Amino acid sequence: MNLNATLIGELIAFAVFVLFCMKFVWPPLINAIEARQKKIADGLAASDRAEKDLALAQDKAKDQLKDAKAQAADIIEQAKKREAKMLDEAVHKANAERENILAIGRAELEAERNRLREELRKQVAALAVAGAEKILQRSIDEAAHSDILEKLVQEL
Amino acid sequence: MAAGEELTLSSHIQHHLTNAKMCTVDGSVAFNKACSEAGFWTWHVDTLAWSIGLGLLFLWVFRSAATKATTGVPGKFQCFIEMVVELVATNVKDTYHGKSKLIAPLALTIFVWVFLMNLMDLIPVDFLPAFAGFVGEQALGMDSHDVYMKIVPTTDINLTAALAIGVFILMIGYSIRIKGVLGFIKELTLHPFSTKNVPLQIVLIPANLLLETIALVAKPFSLALRLFGNLYAGEMIFILIGAVGLAQLPLHFIWAVFHILVIVLQAFVFMMLTIVYLSMASSDNH
C-alpha cells in the first residue's frame, strides 16, 4: 500500500473521462437509442391500427355484399311479380278483345240472319201472294186483301 | 542452487509487481530505484500511461459510435456499442430513481474503463514487461532488470483508490445537494440510534457520528480494495503460473478462462456499487 501522486493524476484523468463521456458520448448514443425505440413503438402501433382498420373494412365489405345480394334478390322478386302481372293483364286484355270481337261477330251474324229472314219472309210472302194469285186467278184484290197477306207474312 | 533459484523466483515476482516510477530528485527527473526516497510525490508512469491510454481508447471508440449513431437501422458496430450503453442505462434506471445527467455516463465510464484495464490481465504476464525491458536495453542502454512495466492499472492501489475517492466525492456532493448541509449532518448524527427526546439525541450524537462515519467511509474503502484485491490476486497467480515452466500452458489457460469472468464481474460490481451508493446518497429516507 504505497499511495502516491499517481492517485491525483488518476483522479484528474477519471474526472476528465467522466465529463467527456457525459458531454460527448452518452447523450448522442442514448438519444439515438430512445429515438429508435420510439420509432419502433410507433411503427408497431401503426401496424396494429392498420390491422384493425383492415378487419373493419372487411366487415364493412361483407355487410355491403350482403346488402347488395338482398337488394338484388328483391329486385328480381319485384321483376318477377311485375312480369306475372303484365302477363296477367295481357291475358285479360286479350280475352276481353276476343269477347269483344266475338260479340261483334255475333251481332253481325244476328243482323245478317234477321235481314235474310226478313228477305226470305218477304220473298215467301211474295211467293205466297203469287201462288195465291195463281190459285185464285185474280179473285183476290191485292189491295183489298193485303191485310190477310200481311197476317200470312207474319205467321211465316 | 535451491537458494539462488528461490532468490531469482522471488525477485522475478518482485520485478513483476513493481511499478515504473518517476519523481524529481534535486530538481531533475529521476526514475525507478532513484525514487525510493521520493515519498508521496512519486508517479507510477506505467499505471498512468496504460490507464489514460485505455481511457482514451474507450472514449475514442464510443465517441466514434456516437458521432455516427443513426436512429434508423444500426450497423454492427453501433449495435455492439448500444448493447453496452443499454446495459448500463437499464441498471441505472432500475437502481437510481432520481434525475441525474451524471450517473449514467459515470457508470458507463467506470464499467468500460475498468473492464479495459482488467482486460490487460489476460495478456500473458511476461510479454509486455519483457518487450519493455528489451526496448529499454536496446534504445536507452538500461539494464533490462531496471525497466519496470506493470500493465494492469487496476492492480495499482493508486488507481482503484482514485476511482473510489472520485465516487466518494460524488456521494458527499449528492448527499448535500439533495438533503442540504443540515440534512447531511443530521443523517450523520441522528441515526442509527434515533429518538424524539432532544437531550437524549445530543447524548447519542457521538455514537451515531462514529457509526455513520464508519459506514460512510467504508464504502470507498470497500470499492477500492475489492477491485484492487481481486485483480492483484489474479495477477499474482498469473505470475506464479508463469514461473512453473511448460506446465503453465494448461494452468494458464484454465486460470485465464476463469479470469474472463472475474474481470467482467469486477467491472460490473464496481459500476453497480457506484450506482447503489449514489442512489443511497440521493434518497432522503434513511
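Colleague: What share of the contacts in chain B with a separation of 6 or more comes from residues 24 or more positions apart?

Modeller: Such residues account for 67% of those contacts. Bear in mind that this is a predicted model.

Colleague: How do you know how confident the predictor is in chain B?

Modeller: The pLDDT scale runs from 0 to 100. Chain B has a mean of 88. The model as a whole scores ipTM 0.89 and pTM 0.76.

Colleague: Which elements of chain B have the lowest and the highest mean pLDDT?

Modeller: Helix α1 (residues 2-16) of chain B has the lowest, at 70. The highest belongs to α4(B), at 95.

Colleague: What makes up chain B, in helices and strands?

Modeller: Chain B has 8 helices and 3 strands. Along the sequence they follow the pattern α-β-β-β-α-α-α-α-α-α-α. The C-alpha trace of chain B spans about 75 × 60 × 45 Å along its principal axes.

Colleague: What share of each chain counts as buried?

Modeller: A buried residue needs 20 or more other C-beta atoms within 10 Å of its own. In chain B, 33% of the 286 residues count as buried. In chain A, buried residues make up 9% of 156.

Colleague: What makes the largest nonpolar core, and how many residues has it?

Modeller: It has 66 residues. Those with the most contacts inside it include Leu29(A), Ala107(B), Phe111(B) and Trp113(B). Helix α1 (6-136) of chain A supplies at least two of its residues, and so does each of several chain B helices, among them α2 (45-68) and α8 (248-282). The largest share, 13 residues, comes from α4(B).

Colleague: How do you know what Phe111(B) touches?

Modeller: Contact here requires C-beta atoms within 7 Å. Leaving out residues up to four places away in sequence, Phe111(B) touches Val88(B), Ala267(B), Phe268(B) and Met271(B).

Colleague: Which residues does the second, separate core include?

Modeller: That core has 5 residues, including Cys23(B), Cys35(B), Trp43(B) and Leu48(B).

Definitions and conventions: Residues numbered from 1 in each chain as written. Chains lettered and ligands numbered in written order. Predicted model: local features only at pLDDT ≥ 70, side-chain atom pairs only at ≥ 80, totals over all residues. Core = buried A, V, L, I, M, F, W, Y, C linked by C-beta atoms within 7 Å. Buried ≥ 20, exposed ≤ 12 C-beta atoms within 10 Å, placed from the backbone. Helix = DSSP H or I, 4+ residues; strand = E, 2+ residues; numbered from the N terminus. Contact = placed C-beta atoms within 7 Å.
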